Amino acid sequence: MRYPFQSGGCATRRAWWAALTLCLIIAPTAGAQELPGVVVAPVTRVEFPLTVEALGTARANESVDIRPKVTETVTAIRFEEGQFVRAAQVLIELEDASERAAVEAARATLLDSQSKYKRNQELFQSDLVSESQVETSEARRDADRAALEAAEARLSDTVVRAPFAGRVGLRRVSLGSLVAPSTVITTLDDTDTIKLDFDVPETALSHLVTGLQVIARSAAWPDVTFEGTVASIDTRVDPVSRTLTVRALMPNPEHLLRPGMFLTVELLRRDVTALMIPEQAIVPEQSRQYVLVVDDEGVVSKREVRTGRRRPGRVEVVEGVAAGELVIVEGTQKAQSGSRVRVLKQLVVEP
């Protein structure tokens, strides 16, 4: 094999060496200037209905333990277990002989003081008594009237009534039982409407509003779906679980749901949109997450983002990027913040 410099004149050999040197200089320089290629995807805003699944506990709309206000013996029971009772309906009656006697005594005392007050008023008109005597008799009358009202209140405490309409539970006393304010006679629950309390993650807080639809199911009634709406949202987030309690109201006309039941809950809001990017675009660093954004000039910028809910292969970005921006999906290891890249392909993201 013969090389060009083995034949020809000196001028030919010098030209060949110059061309070879120029090739050796230019070749690595061109390679060094070649921009790294990346695949990008746009940040898109899509419909992303909020669906939160949780576990909830049913509670009565109103619930109370029925207890007496005084210590007395039960003389009459006016309800049946499981019975529906009206507001102010009598549930039990207690021994009231001493209270009735106290009322009669207070009433007689009041009649006497009223009579003395009236007589002193007449005598005052004739200047037979002083004004101070009239005022004293008036004060006595007012005190006796208050004493009568107090005696009547103690008498009314011997009759235990339902504070609201609802269904009573099991009876826990019998005739002749000595009851005290600590004694539970029965329970009373208003279950026409059920309060359903459940916890949701704090990431859903921005989407929670009153009136959202709630669907619940119970293992006791597997073929029945219970529907309701969000009535209130707790004002505090649990610092340990990072959840907050939501309360929904559910009509319960057939009284299938009972206080204390365990329910699976699905919270649904359809009018929710979100900024979505492919999961591959997320670059985790310790406890933070970043994306690499490419502008129109191909310059890369590194952005910290806050992510939210996820779909298969995609993640919601709550903060850090805007709709329409391009993020690097493939080639993140070759791209550096502030450097330029060459876009090889832009992915088409389906809604």
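The model is predicted. Its largest nonpolar core has 26 residues, and a second, separate core has 16. The largest pocket holds about 320 Å³ of space. Helix H2 runs over residues 97-125.

**Ile194 in strand S10**

- Ile194 sits in strand S10, which spans residues 186-201.
- Its relative accessible area is 0%, so Ile194 counts as buried.
- Ile194 and Tyr290 are 96 residues apart along the chain. Their C-alpha atoms are separated by 45 Å.
- Ile194 and His255 are 61 residues apart in sequence, with 9.1 Å between their C-alpha atoms.

**The loop between S13 and S14**

- Asn252 lies in the loop that joins strand S13 (243-251) to strand S14 (262-269).
- Asn252 has a relative accessibility of 2%, under the 20% cut-off, and therefore counts as buried.
- The Asn252 side chain reaches the backbone oxygen of Thr191 at 3.0 Å.
- Residues up to four places away in sequence aside, Asn252 touches Thr191, Asp192, Thr193, Ile194 and Leu257.
- His255 is in the loop between S13 and S14.
- His255 has 24% relative accessibility, so this residue counts as partly exposed.
- Phi of His255 is positive, near 55°, and the residue is not a glycine. Most residues other than glycine have a negative phi.
- A polar atom of the His255 side chain lies 3.4 Å from the backbone oxygen of Pro253.
- Leaving out neighbours within four places in sequence, His255 contacts Arg167, Thr191 and Asp192.

**Nonpolar cores**

- Val200 touches Val52, Leu208, Arg242, Thr243, Leu244 and Val246, not counting residues up to four places away in sequence.

**Helix H2 and its flanks**

- H2 has 29 residues and reaches 43 Å from its first C-alpha to its last. That is close to the 42 Å expected at 1.5 Å a residue.
- The buried residues of H2 are Glu99, Val103, Ala106, Leu110, Ser113, Tyr117 and Asn120.
- An α-helix has 3.6 residues a turn, so residues three or four places apart point the same way.
- The buried residues of H2 pack against strand S4 (72-77) and helix H3 (131-156).
- Asp96 is in the loop between strand S6 (90-94) and H2.
- Asp96 has 18% relative accessibility, under the 20% cut-off, so Asp96 counts as buried.
- The side chains of Asp96 and Arg100 make a polar contact at 2.9 Å.
- Neighbours within four places in sequence aside, Asp96 contacts Leu155 and Thr158.
- H2 is followed by Asp127, which has a positive phi near 60°.

**Gln286, an exposed loop residue**

- Gln286 lies in the loop between strand S16 (283-285) and strand S17 (288-294).
- Its relative accessibility is 86%, so Gln286 counts as exposed.
- Gln286 is not a glycine, yet its phi is positive, about 55°.

**The largest pocket**

- The largest pocket contains about 320 Å³ of space.
- Its lining has 16 residues. Thr203, Ser206, Arg306, Glu316 and Val318 are the closest to its centre.
- Strand S15 (273-278), strand S18 (300-311) and strand S19 (314-319) each give two or more residues to the lining.
- S18 gives the largest share of the lining, 4 residues.

Technical notes: Residues are numbered from 1 along each chain as its sequence is written. This is a predicted model: local features need pLDDT of at least 70, side-chain atom pairs count only at pLDDT 80 or more; totals for chains, interfaces and linings use all residues. Side-chain values use heavy atoms; hydrogens and water are left out. Buried means under 20% relative accessible area, exposed over 50%, partly exposed in between (1.4 Å probe, protein chains only). A polar contact is a pair of N or O atoms within 3.5 Å; within protein, one must be able to donate a hydrogen and the other to accept it, and residues adjacent in sequence count only if both atoms are side-chain atoms. Contact means heavy atoms within 4.5 Å. A nonpolar core is a set of buried Ala, Val, Leu, Ile, Met, Phe, Trp, Tyr and Cys residues joined through side-chain atoms within 4.5 Å. The expected span of a helix is 1.5 Å times one less than its number of residues. On a 1 Å grid over the protein atoms alone, a cavity is a set of points where a 1.4 Å probe fits but cannot get out, and a pocket is an open set with protein on both sides within 12 Å along at least five of seven lines; lining residues have an atom within 4 Å of a point. Grid points are joined across faces, edges and corners, and a volume is the space filled by probe spheres set on the points.
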